Each structure stands twice: as C-alpha cells, then as structure tokens.
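Reader: I've got a model open and I'd like to learn how to read it. Can you walk me through it feature by feature?

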Amino acid sequence: MNDNATKPLRNDCFALPPGVNWTPVDEALERLRSRLHAVVGIERAVPLAQVNDRILAHDVYAPRAHPPSSNSAVDGYAFAGPLTDVPCAMPLIDGRSAAGEPYTGRVPEGHAIRILTGAVIPDGTDTVVLEEDCEVIDHELHLHGTLKAGANRRKAGEDIQAQDRILTAGTRLTPTQISVLASVGVDSVDVFSRLRVGVLSTGDEVKPVGATVTDWQIYDANRPMLSALVTQLGYELVDLGHVLDRADEVKDALERGAEQCDLILTSGGVSAGDEDHVSKTLKAHGDISNWRIAIKPGRPLALAMFNGTPVVGLPGNPVAAWVCTLRFGAPAMALLAGGEWFEPQSYVMPANFSKNKKPGRSEMLRARVRDGQVEVFGSEGSGRVTGLAWSEGLVELDESAQQIEPGTPVRFIPYGSFGL
Ligand SMILES: Nc1nc2c(c(=O)[nH]1)N[C@H]1C(S)=C(S)[C@@H](COP(=O)(O)OP(=O)(O)OC[C@H]3O[C@@H](n4cnc5c(N)ncnc54)[C@H](O)[C@@H]3O)O[C@H]1N2
Ligand code: MOO
C-alpha cells in the first residue's frame, strides 16, 4: 500500500557553486540538508506491533485524554482536601475505590474512603493520604500531617488532553513513543516505507570474505560494515555486491542499484587515480560533484545523481568510509527516509591525550570515554580497522588549529548520537 510521498530529487542537487574547492564540514552539511528531502512512499495503518524503528508519516493526535479520569497515585484514603487542622479524625464510609472497580457513589462531606493506586477518585473527594501516614481505628481515619488539596491525585488529562498532538511527522518511533500511542488507544499509524539503501564495493584488489585470496588482494571490509550500519539505522539493505575497477561493471552495478534503491553507497574509486572508476562512471553517465570536504579522514567524497538515484561515493579506506557515512550519510539518509535532519548530540569532555592539529581541516578521531576523560586510538591511519572496533564514538576537532593537551575540552560524539 505505497504511494509516492514526494517529488524526485533534482539531477543537479549536489552541484557546487563555481570556484568552490575546499568545503568546510558545516557548509557541506548545510548544503546536503537544503537539497535533500523525503523520497519514500507511505505505508498506511501499520499496527503498533510493527512500527518500532519506523518513521511517522503524519502527525498523531490523541483520541482521548491520559489519564482519562483523575485517579490515585498511592494506596490510602481519599477525602476532600486540604487538610490543615491536624491532628484530626474522619469517619470512613463503607466501600472502596479500586483500579478497575470504581466507587460509583458520592463521598459525603467530612468523610473518607479507602482507595487503591490507579483507582478513580470518587465524587466528593480530591485528596489522598498514604496509608503509611495515617491510622484506622474503629472505622475512623486518624490523620496527623497537613496535606494540600489534590495531594497524591493524578488529574484527568494532566499528561495528555484529548486532541493534543502527541507525535509529529518525521519522528522515528522508539519503544517509549509506542507507549504514548498505546496509552491513548492509537493502534496503528501511517509510516514511511523503509528507505532502500544499496551498498556496493569496488576495487580490483578487493575480494569478498570467503573467497580465495593472494597476497596482493584484501578482503572486503567495507560492504559488511556498511551493510550492518544500514540495517542498524533502520533502513532496508540492498546488497549490490562487489565489482572490479572496470567502467562497464561499475555502470551495470549502478544501473541495478538505481532500479532497486532510493540511495546507493559505494566505496572505493573516488579519488583522482587512474583506476578510480566510480568517479569516472558517475561523471560519464550521471551528474557528479566531487566534494573535497575539509575533513580528515574522508577528503574525497563523491555525491552524484545516477538515473535519478542519489549516490554517495565513499572513500575506500574503511575508517574514512565509516566517518563519512556517519557524519554525512546518516543525517542525509534520515531526510531521504522522511525523518528529520539531525546534528549528532555531542558532549564536551576533557581529553586525556595530546595532539598538535594543523589548521584547515576538521579531524574526526576514533575515541571512547574512560573515567570521565576522552581517549583516542593510538593510530590515525585510515586503514586501521582495529581502531574502529576499539572506538565507541568520534572526537571532532574543528577546522581551526588546536593544541590539545590532557585536560583540554574536546567534543565527543558517541555512536549512539548517529542513531546506532
Ligand atoms: N593523489 C591522491 N591520492 C589520494 C588522495 C588524494 O587526495 N590525492 N586521497 C587519499 C585518501 S585520503 C583516500 S581515503 C583514498 C580514497 O581513494 P578511493 O576512494 O579512490 O579508494 P581506493 O583507492 O579504491 O582505496 C583506498 C584504500 O582503501 C582500500 N579499500 C578499498 N575498498 C575496500 C574495501 N571494500 N574494504 C577494505 N578496504 C578497501 C584500498 O585497498 C585502498 O588501500 O585515496 C588516497 N589517495
Ligand atoms: O579519506 Mo582518507 O582515508 O582521509 O585518509
């Protein structure tokens, strides 16, 4: 039950203004944000049991209030408050109000009634005393402390009023939001179809895991990494496999991808070398813009439209591919999928390392937090996959030069901030 939610992207959506050479990270992000929009269809009335991790297509309004009636927050006794003149005693009436079994009569003035947690506050009462704070002797409630009117009462609609907008379109649904929907009886919602993301590896030296390899060949580390990332971000993975550095193979794979996917991630073949066929093919058959982003690692990033489908040409080095996918790909995919653009939440914390950073480029270092301090991986080599596994996030150092010493505040972005 899909329909097209949006119009297609423009072919020149990644074009750079004339004369642009090095693009600062913030500018690159702003450019992506302003040129991309949702490209997926809508699935209607999807049951709550199937909406975790899906993106809401429409705002949702509450069909009823939460809580629907005023009720007690504690086990105790209800009466009309406030209680100022203490100590005092109040006759208890027969009967009680329990959750699922409300008291239907009216409590006379000056009387109290037994009430349990979650039970509707009976007519004639508005205040509840905890059972630990009073005594019952011979059908009489003895009270010792003062209480404000409305104490221990959860008012009807104090959380949600009927017709309130409870969730907005573009929200990625999580268990906590599903609880909000359920609490007001919403049993199904409209969500965007999952973004279909193709992952393609390129390179004559690259072989899939499981293949026989010789010394000059390497295993494809990027495709399994990016595939797992795509799935974990909540998108539908389309495995486009691996192709050699040959124009016809790259073109065939991109054509297959453009038919099946809403976005294609490629790795390798985007710098200026003789065998960089991804760039060449995109140039020959698509609308490509080679963004030289002032970021390390990940300087070459190719953004292109190929047969109407956006292609992100990631650098081959696994660390650069990882960093670029998180920093640029994750918010871009969120927009294409109907979600909201996001700037990952970061935390300023003291460094426990030293670094003399050159000006001109941002640097993203593999990092983690121990004992309230940020540590970085021992090597910055962008082929070092062990540093990826070691890290729990990234440290982002901005374009300006910086001398980092132990104790210098740095910006740590946990992987969770990218939606992982
Ligand atoms: N003259 C220049 N040379 C290079 C530049 C430059 O600006 N000028 N940039 C360097 C940087 S930085 C990077 S990153 C790479 C990016 O190059 P490509 O995207 O063309 O990537 P490749 O050359 O194909 O591969 C780079 C590196 O990564 C390995 N690789 C490739 N695919 C995989 C994979 N699926 N799994 C694991 N490893 C992979 C590949 O073997 C290379 O070692 O360019 C620099 N050169
Ligand atoms: O993108 Mo490259 O891996 O910066 O080193």
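Reader: Which residues are closest to ligand 1, and how many surround it?

Author: A residue is near a molecule if its C-beta atom, placed from the backbone, lies within 6 Å of it. Here 27 residues surround ligand 1, and the closest are Asn222, Gly268, Ser271, Pro315 and Gly316. Bear in mind that this is a predicted model: local features need pLDDT of at least 70, side-chain atom pairs count only at pLDDT 80 or more, and totals for chains, interfaces and linings use all residues. As for labels, residues are numbered from 1 along each chain as its sequence is written, while chains are lettered from A and ligands numbered from 1 in the order in which they are written.

Reader: What classes of residue make up the shell around ligand 1?

Author: Ala, Val, Leu, Ile, Met, Phe, Trp, Tyr, Cys and Pro count as nonpolar, Asp, Glu, Lys and Arg as charged, and the others, Gly among them, as polar. For ligand 1 that gives 10 nonpolar, 12 polar and 5 charged residues. Helix H3 (222-232) and helix H6 each supply at least two residues of that shell. Helices (H or I, at least four residues) and strands (E, at least two) are DSSP runs, numbered from the N terminus.

Reader: And which residues are around ligand 2?

Author: Lys296, Pro297, Gly298, Arg299, Pro315, Asn317, Ala320 and Ser382. They divide into 3 nonpolar, 3 polar and 2 charged.

Reader: On to the sheet. What is the strand order in the open sheet of 7 strands?

Author: Two strands pair if DSSP finds at least two bridges between them. The order is E1-E19-E21-E22-E18-E14-E17, and the pairing is mixed. At the edges sit strand E1 (22-23) and strand E17 (236-243), each pairing on one side only.

Reader: Which way do the residues of E14 point, and are they buried or exposed?

Author: In a regular strand the side chains alternate between the two faces of the sheet. In E14, Arg196, Gly198, Leu200 and Thr202 point one way and Val197, Val199 and Ser201 the other, and all are buried. A residue is buried if 20 or more other C-beta atoms lie within 10 Å of its own, exposed if 12 or fewer, and partly exposed in between, with C-beta atoms placed from the backbone. Since 7 of the 7 residues of E14 are buried, the strand is largely enclosed by the rest of the structure.

Reader: Why does arginine 196 count as buried?

Author: It comes down to the count: arginine 196 is buried because it has 21 C-beta neighbours inside 10 Å. Leaving aside neighbours within four places in sequence, arginine 196 is in contact (C-beta atoms, placed from the backbone, within 7 Å) with Glu236, Val238, Gln260, Cys261 and Asp262.

Reader: How do the helices lie against these strands?

Author: Axes are lines fitted to C-alpha atoms, for helices over the stretch in contact, and angles run from 0 to 180 degrees between N-to-C directions. Helix H4 (residues 247-260) lies across strand E14 (196-202), E17, strand E18 (263-267), E21 and E22, at about 170 degrees to E17. Helix H5 (residues 277-285) lies across E14, E18, strand E19 (287-293), E21 and E22, at about 35 degrees to E21. The buried residues of H5 are His277, Val278, Ser279, Thr281 and Leu282.

Reader: Which residues touch the most other members of the largest nonpolar core?

Author: A nonpolar core is a set of buried Ala, Val, Leu, Ile, Met, Phe, Trp, Tyr and Cys residues joined through C-beta atoms within 7 Å. Of the 82 residues in the largest one, Val197, Leu263, Ala304, Met333, Leu336 and Ala337 touch the most other members. Helix H6 (residues 318-336) gives the most to this core, with 13 residues. A second, separate core of 16 residues includes Ala78, Ile113, Ile115 and Val129.

Definitions and conventions
Two residues are in contact if their C-beta atoms, placed from the backbone, lie within 7 Å.
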